[in-house]
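Please have the model open while you read them.

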Amino acid sequence: IVGGTVATVESHPWIAAIFWRTKSREKVFRCGGSLISACWVLTAAHCFPDGNNTKAERFTVILGKNALNESNPTVEQKFRVEKIFIHEGFDNNDGNFNNDIALVKLKTKLGKCAKESDKVRTVCLPPPQQRLQPGFTCDIAGYGKESHALWYRSQYLKEAQVNLLADNVCRQKNYYDNMITDNMFCAARPDWSQDACEGDSGGPLVCEVGSRLFLFGVISWGDGCAKELRPGVYTRVTNYNKWIEEKTHLGSITAG
Ligand code: 4AZ
């Protein structure tokens, strides 16, 4: 996250940190995610570059994490991964990550997954096709870079505010032109001072509607970070209610 502030995990209790184990058994942070039910984390498809050859056994998901490089086993909840569903329509042939959405099923421990606490909680999905007005302010959170030029990620969870952009603005030639599909939306700070950055992808964009927070976006891509005329691009979660229902139900039959 560029700009914004250091956040506590209590204010983003659905945030998930997804790690990948290399062949030399080193644990590398891969992506953010959002806990949508006790056993399911919603994230971005591009977090799994091996596509359908992705080995679920290599991933670990940690909930309740404040700092990336410190672990606090008394409050963090750590899970192996049972299954990963990458959207069938995920496509990066145009370099724009269309359908950048994936579901990660946590492996149960004694028949249970995430336990609710002040640091671990699910986020609501918005109703299908609900659209918020351009200019609406939403929150993003993640453990990604604090500036595009840095080579290291933020040590602490950070949050920032961004405003939703009208599609026709984001599709202007001096913005992203024809890269923006109906499965995406753009959001940025009017002064370009706050944005998601490398390492935040997969993580949440949440908006408050009727005093409840809903997961409207999955952090997906952007040209640089907090760069003028280059908003952050998010997967439009409200296009995927049916897909999410299908997959999470499938997961409860085949993998429960
Ligand atoms: C990334 O590389 C990334 N400024 C995510 C979000 C944005 C840029 C890059 C948006 O994961």
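1. A polar backbone atom of G224 sits 3.0 Å from a nitrogen atom of the ligand, a polar contact (a pair of N or O atoms within 3.5 Å; within protein, one must be able to donate a hydrogen and the other to accept it, and residues adjacent in sequence count only if both atoms are side-chain atoms). The protein covers 86% of the 300 Å² of accessible area that the ligand has on its own, by the Shrake-Rupley method with a 1.4 Å probe. A ligand nitrogen atom also lies 2.8 Å from a backbone N or O atom of A196, and an oxygen atom of the ligand is 2.8 Å from an N or O atom in the side chain of S201.

2. Please keep in mind that this is a predicted model, in which local features need pLDDT of at least 70 and side-chain atom pairs count only at pLDDT 80 or more, while totals for chains, interfaces and linings use all residues. Residues are numbered from 1 along each chain as its sequence is written, and side-chain values use heavy atoms, with hydrogens and water left out.

3. Which residues are around the ligand? Among them are D195, E198, I219, W221 and G232, where near means that a heavy atom of the residue lies within 4 Å.

4. C197 and C225, also around the ligand, form a disulfide with their sulfur atoms 2.0 Å apart; the cut-off for a disulfide is a pair of cysteine sulfur atoms within 2.5 Å. The torsion about their S-S bond is about 80°, so the disulfide is right-handed. C197 lies in the loop between strand 10 (184-188) and strand 11, and C225 in the loop between strand 12 (212-221) and strand 13 (232-236), so the pair ties together parts 28 residues apart in sequence. Strands here are DSSP runs (E, at least two residues), numbered from the N terminus. C197 is buried at 7% relative accessible area, and C225 is buried at 13%; buried means under 20%, exposed over 50%, and partly exposed in between (1.4 Å probe, protein chains only).

5. The structure holds five disulfides. One of them joins C39 to C113, S to S 2.0 Å, and both of these cysteines are buried. Another joins C138 to C207, S to S 2.1 Å; its torsion is about 105°, so this disulfide is right-handed too.

6. C124 is partly exposed, at 27% relative accessibility.

Definitions and conventions. Helix = DSSP H or I, 4+ residues; strand = E, 2+ residues; numbered from the N terminus.
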